[in-house]
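Here is a short report on one protein chain.

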Amino acid sequence: MKCKYDVVIIGAGVAGLHTALSLDDDTDVLVLAKDYAWECNTFYAQGGVAVAVDEEDIPYHIKDTLNAGAGLCDEGAVDILCHEGPVVIKEFIEHGFKFDKDRDGNLLYTKEAAHSRNRILHAGGDATGRHIHQFLMDKLKFPILYNTQVTDLLIENGVCYGVRVYHNNEIFNIYAKKVVIASGGVGSLYEYHTNARTISADMQGICLMRNIELRDMEMMQFHPTVFVQSSAVRKQLLSESLRGEGAKVIDEDGKRFLFDYDDRGELSPRNIVSQAIFDYQLKTNKKVFLDLSNFEEGFFMKRFPSIYFNMTNMGYNVPFDLVPISPAFHYAMGGIKSDFFGRVPSVSSLYTVGESANTRVHGANRLASNSLLEGLVFSKRVALDIKLTLKEKKKKVEFDEVEPSLINKIDKNLKNELRDLMWNCAGIKREEKKLKKALNRVEDMLKLSIGKLLRLRLLSSREIIKSALNRKESLGAHYIEKGEKI
Ligand SMILES: Cc1cc2nc3c(=O)[nH]c(=O)nc-3n(C[C@H](O)[C@H](O)[C@H](O)COP(=O)(O)OP(=O)(O)OC[C@H]3O[C@@H](n4cnc5c(N)ncnc54)[C@H](O)[C@@H]3O)c2cc1C
């Protein structure tokens, strides 16, 4: 098998595939996916892509993004997202992508929480991610290697030379002039989450092992309306657009209790809704439901076909039945620190983009539907920088192809314990006592004879816990229980 490329892209979600699409055709590129191509968060994205509707809307998109980000956004990154967003979306449509339109051929924009106007484009109703992913896979002009897990980065003296991978029961190195980490977030660290099963913070863990800085790792977003009562690892998300289009959150007595927490009720930012539901359930022990009865059945089937299909399969007669909901882990704002061209500051020839990256574009809380846009906008910038620097000379370096054991016998139970620990101690509400308990347990687990893959999860978890302990005030998605000290 060929093991030398110009560019290796780790990940086949929107960020990785759009980086590939934006590179020149004669570049020698290999895309890696840990599983099947569709096992990524992009494929499961429902709501849509946020983008300024016109020139006048750009400052409002910026303002909404900054407000949601609670003061932790980098204004430069937000400026790039909201200004370059409409350009990239226009190009995407010119490439042939079809967003949903009305009968007259006008793009349909919907509203989601904390957006000051309707600016969410969608495709296939609530199947935006699937449509984007399919489209990008169809356009992919480079080879893709499936079932290939990156287990290490080949770095010497601050330069990245490639990756070590596990594929077909073999460990080997793939060398590249440029390496792009587009491996997504950290969902599988938590007991309840909405993420694809491939999203388990391996690359974040590798970065920590290699002393590459992660930033804002306490900033983890929990989605408020998730159906968690199934046995599937990935829990069914009930898109933000449902509330944007009139669905209500009620308790078992029919009370719309969100207004006790925020005047905006169902349209409050998702961290407020998540924290309110979590708090209300703890205090009252009452069940919480999503009431979809405002929707007419025919419209619901057409507008939310995936939710309709999935919930019907699980025995719910939507939109008539009340759907029990709970918050669940959803999105990582924190990630591998990078600049606005995706460059990782301490290692040359290494980039990161999409959910794995942290440019501070989302600050302390991501505005709904800004992440698909982030993947599209910043991947184009990564590709631009690669094009400009690909010809630079690089030394030839060989690395050994040895890896310690990836999985050990005791790992499975510990992995489940870790998920439970992260959900209960580093989840929606943080308290010093619980965070310290989690930290001690993670440190103990790290001393055991465990496989490398679990070690990577533990390192990423430890970073989330430590960052949460370091932040003394509630901010955005980082919520410290009132009266608690950190
Ligand atoms: C259910 C759900 C609904 C969402 N809805 C929306 C929405 O409506 N709008 C919006 O803007 N955002 C939404 N999001 C968030 C958005 O989908 C993600 O943030 C975005 O798709 C991330 O794209 P990505 O390319 O960075 O990563 P992903 O799409 O997650 O892709 C990661 C890729 O990395 C690969 N990978 C991971 N680790 C390794 C490894 N060690 N070796 C090799 N490959 C690896 C995986 O196999 C995968 O191919 C949603 C997320 C979820 C989970």
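## Overall fold

Among contacts in the protein between residues at least 6 apart in sequence, 74% link residues at least 24 apart. Two residues are in contact if their C-beta atoms, placed from the backbone, lie within 7 Å. This is a predicted model: local features need pLDDT of at least 70, side-chain atom pairs count only at pLDDT 80 or more, and totals for chains, interfaces and linings use all residues. Residues are numbered from 1 along each chain as its sequence is written.

The protein has 14 helices and 21 strands. These are DSSP runs numbered from the N terminus: helices are H or I with at least four residues, strands E with at least two. The radius of gyration is 22 Å, close to the 23 Å that the globule rule gives for 486 residues, so the protein is as compact as a globular protein of that length. That radius is taken over C-alpha atoms, and the rule is 2.2 Å times the number of residues to the power 0.38. Along the principal axes, the C-alpha atoms fill a box of roughly 65 × 55 × 40 Å.

Of the 486 residues, 53% count as buried. The cut-offs count other C-beta atoms, placed from the backbone, within 10 Å of a residue's own: 20 or more is buried, 12 or fewer exposed, and in between partly exposed.

## Two domains

The protein is divided into domain 1 (222-329) and domain 2 (411-480). These bounds come from an automatic or database domain assignment. The domain centres, taken over C-alpha atoms, are 27 Å apart. Six residues from domain 1 and five residues from domain 2 make the contact. On the domain 1 side, helix α8 (residues 270-284) gives the largest share, four residues.

Strands β7 (residues 148-156) and β8 (residues 159-167) pair antiparallel over eight bridges. Pairing requires at least two DSSP bridges between two strands. Asp152 stands opposite Arg164 in β8. Two residues lie between the strands of this hairpin, and Asn157 takes a positive phi near 45°.

β8 also runs antiparallel to β9 (residues 170-181), joined by six bridges. Here Tyr166 has Ile171 in β9 as its bridge partner. This hairpin too has two residues between its strands, and Asn168 in the turn has a positive phi of about 50°.

## A loop residue

Where is Ala232? Ala232 sits in the loop between β11 (220-227) and β12 (236-237). Ala232 is exposed because 11 other C-beta atoms lie within 10 Å. Its C-alpha atom is 37 Å from that of Leu23, 209 residues apart along the chain.
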